[in-house]
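Subject: Structure for you to look over, with notes

Dear colleague,

My notes on what was found in it follow directly below.

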Amino acid sequence: MSKKSKTLRPVAADRYVEWLHQACTPQHAVMACIQELQAAGFTERDYAGDLPTTPGERLFVVHPDGKSLISLVIGERSPCATGYAIVGAHTDSPDLRLRLNPLLAAAGTTQLATQFHGGLIRRSWLDRPLGLAGSVFQVVRNKRGVPQFHPLTGQPLLTRQLLRIDEPIAIIPDLAIHLDREKNDKGAINPQNALNAVFATGPEPEAMLKLLSAKAGVALDAADGFDLHLVPLQKPLRTGVDGSLVTGARHDDLAMVWCGLDALVQSVHTEPAPVRTRVAAFFDAEETGSTTASGAASSFLRDVLIRIARRHPDSHGQDPESAFAQTVCLSADMAHAQHPNFPDMHDKNHAPLINQGIVLKSNTADRYATTGETAALLAGLCEAARVPLQAFVTRQDLACGTTIGPIVAASLAVRTVDLGCPMWAMHSAAETLGAHDLESMVAVMQTFFVGKA
Ligand SMILES: [Zn+2]
């Protein structure tokens, strides 16, 4: 297989680093996608409204919870004839979020009590400056303090505010080795106590919360609900003396969200009026199994695709579900690169290397959706894009991870391939991937969208 020649400093990675820094929570990731899409002529459509089906139309739909997004370029032909070209990825990453009653006072400090999302590497969150970001909700009340209700839905009216404190407002200090001499050999980190974050010294939690509110520009003490995340403050960095690596939080799976987004936008520049409808679908909650209102196991994607196929001017009354027969999904999630310090953790014939091309993932226990047929489809795309393809099968004596691929495949009954870029330290607060692999992934996804070399 031919190898794409490597530029000295892949510029895609520089754009990715800036974007990733903005995308600090699933909500912020969706906002960062929206900025790119709007700049490329995509318009937002309300999930509750009619979706346009004019060929060439560029649109995106945000789930009402703000954490998942589907963007589309409508094709000339009916999806019933062509199927959809879908790239899927996920917007959430393993992280620490605030408990419902987060304020703690201990050892002369005020702390934020955390709960974890997904299988994070706990120790990677210690001794690391942390910011705070997410959404805060408040019930709308009249002057007498009485909650107001929506006249049609009968639900309490709410306001939602997105906030981000991009300053080191919290820290989770590790325990000194002198107080636990076995920590390097054993070192269990109990998430009930050991991952709570100090955000002030002094015995006045309520006053400190007011200080935090002032920094956030949002009255946190008056919140009726929130989704708040601690955010590793370190901006993603090009690393290695040759700048060939990128180290940062949330590569899993925002690197694949960014590649899917970039490929969709670039495909519009390459060929503005496609034959087949292109779809980039980014879901929340993969790290916890996808079974949420906007996760890959929800009806969000299916609903949007059926509505598009039903109304497409070329469909002529065909059953919209028939669109799934020709549909193919690239399920893009990060892959484990062989680690130079732990080379034996990979099967020797399935050990992808950083900056050596994208990764095909296969698991015959169906933790990945790849089949022989979809592996061959990806091989064709990579050959056309002149991108090397590496293979990953987990060691048979280790448990295999999973992703949205099997879930999308099962819920839409569509042929799906699981792929990703190789990386180290998956689920750490500072993961590392290869800058060249990002360019390779964008090239393959773009070839998939355009449908030709
Ligand atoms: Zn992932």
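Predicted model: local features only at pLDDT ≥ 70, side-chain atom pairs only at ≥ 80, totals over all residues.

Helix packing

Helix α1, which covers residues 11-22, packs against helix α5, residues 251-270, at an angle of about 120°, and their axes lie 10 Å apart. By the convention above, α1 and α5 are therefore oblique to each other, and their crossing is right-handed. On the α1 side the contact is made by Tyr-16, Trp-19 and Leu-20, while α5 contributes Leu-254, Ala-255 and Trp-258. Sorted by class, this contact of α1 with α5 has six nonpolar residues, with no polar and no charged ones.

Helix α1 also packs with α9, here at an angle of about 95° and with the axes 8 Å apart, which makes α1 roughly perpendicular to α9. In this pairing Ala-12, Ala-13 and Tyr-16 of α1 meet Ala-435, Leu-438, Glu-439 and Val-442 of α9. The classes in the contact of α1 with α9 come to six nonpolar, no polar and one charged.

By class, the contact of α7 with α9 has seven nonpolar residues, one polar residue and no charged ones.

Domains and overall form

The domain assignment divides the chain into domain 1, made up of 11-93 together with 249-450, and domain 2, which runs over 95-233. The centres of the two domains, taken over C-alpha atoms, are separated by 31 Å. Between them, 14 residues of domain 1 are in contact with 17 residues of domain 2, and the side of domain 1 that touches domain 2 divides into four nonpolar, eight polar and two charged residues.

The secondary structure of the chain comes to nine helices and 20 strands. Its radius of gyration is 23 Å, close to the 22 Å that the globule rule gives for 453 residues, so the chain is as compact as a globular protein of that length. Along its principal axes, the C-alpha trace spans about 65 × 60 × 40 Å.

Two backbone details

Most residues other than glycine have a negative phi, and most peptide bonds are trans. Against that background, the peptide bond from Asp-252 to Asp-253 is cis, with omega near 10°, and Asp-253 lies in helix α5. Asp-127, although not a glycine, has a positive phi of about 55°, and this residue is found in the loop between β6 (109-117) and β7 (130-139).

Definitions and conventions: Residues numbered from 1 in each chain as written. Domains from an automatic or database assignment. Contact = placed C-beta atoms within 7 Å. Nonpolar A, V, L, I, M, F, W, Y, C, P; charged D, E, K, R; others polar. Axes fitted to C-alpha atoms, helices over the stretch in contact; angles between N-to-C directions. Helix = DSSP H or I, 4+ residues; strand = E, 2+ residues; numbered from the N terminus. Parallel < 35°, antiparallel > 145°, perpendicular 65-115°, else oblique. Left-handed = near helix turned anticlockwise from the far one by under 90°. Rg over C-alpha atoms; globule rule 2.2 N^0.38 Å.
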